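Work through the exercises below with the sequence and the model in view. Try each task before reading its solution.

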Amino acid sequence: MVSPDAIRTILGIFGNAISLFLFLSPVPTFIQIWKKGSVEQYSPVPYLATLINCMVWTLYGLPMVNPGSILVVTINGTGVVIELVYIILFLIYSDGKKKRLKVLLMMLVEVIFVALLALLVLTLAHTYHRRSAIVGTVCILFNIMMYASPLTVMKLVIKTKSVEYMPFFLSFASLANGIVWTAYACIRFDPFITVPNGLGTLSALVQLILYATFYKSTQRQIAERKAQIHLSEVVVNSAVSLPEKTANGGASTTPISDTTATRKA
């Protein structure tokens, strides 16, 4: 019979794989940024928010804070590296020193905050229970703030009755990620992992329900938009070809008139 710890480890490995997919989901965006040589209107806020979230979760999973959570460290440590790469690319392709300076200052504030949190927790809290409770509470607060982004997207979906800007596979991966990490936390009950991932599961489930509800209306809107574009192209082509036909018609009347005049003569 498989032990609960073995099942927990397997779930943690699956969780690492799914979370890695989610961390890598912005790669196409940065490929576009690299090709265009500019960040254009993209915001650095999502990557800065994910960076500090990963840093506090890495701190939470350390053996001196919450023993037995090494798989929390591996994925969030990887997330820190990935988000740093995104932010460096953002700095390289940003326009203007002011924007770069703002991003650097925000990143510096995040690093100082996590360093101070680690210092205070490790020096003032002398038990694993207190350390995990303090850092875990901070983790939950940052996770709740990160849910503001999906809520904004869901509000847009309801308003426009379109899921065009809410990718299905990203929502599905978020649901799978939430379920796996919630199950992982429930085997050896950890409320600080259970609460945010339970909320994440609920959020992803609502996204998928919205996707199923507005999928047909989205396809209809896309088809109508394509039809309008096609109609516009037809009108433009007709407007361009009309003067050409008129010009050709005018040129062909001359020989006919000449022929008629010759016969009359």
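The exercises concern a predicted model and go from the whole chain to one pair of residues.

**Exercise 1.** State how many helices and strands the protein chain has, and give their order.

Solution. Step 1: the count is nine helices and zero strands. Step 2: read from the N terminus, the order is α-α-α-α-α-α-α-α-α.

**Exercise 2.** Describe burial, surface and contacts in the protein chain.

Solution. Step 1: the protein chain has 265 residues, and 37% of them count as buried, the cut-off being under 20% relative accessible area. Step 3: take the contacts with a separation of 6 or more; 78% of them join residues 24 or more positions apart.

**Exercise 3.** Find the salt bridge and say which parts of the chain it ties together.

Solution. Step 1: a side-chain nitrogen of Lys or Arg must lie within 4 Å of a carboxyl oxygen of Asp or Glu. Step 2: this rule gives a count of one salt bridge. Step 3: the partners are Arg 188 and Asp 5, whose closest N and O atoms are 3.2 Å apart. Step 4: Asp 5 belongs to helix α1 (residues 4–24), while Arg 188 sits in the loop between α8 (168–187) and α9 (191–264), so the pair links parts 183 residues apart in sequence.

**Exercise 4.** Are Arg 188 and Asp 5 buried, partly exposed or exposed?

Solution. Step 2: Arg 188 has a relative accessible area of 40%, so Arg 188 is partly exposed. Step 3: Asp 5, at 42% relative accessibility, is also partly exposed.

Methods. Residues are numbered from 1 along each chain as its sequence is written. This is a predicted model: local features need pLDDT of at least 70, side-chain atom pairs count only at pLDDT 80 or more; totals for chains, interfaces and linings use all residues. Side-chain values use heavy atoms; hydrogens and water are left out. Helices (H or I, at least four residues) and strands (E, at least two) are DSSP runs, numbered from the N terminus. Buried means under 20% relative accessible area, exposed over 50%, partly exposed in between (1.4 Å probe, protein chains only). Contact means heavy atoms within 4.5 Å.
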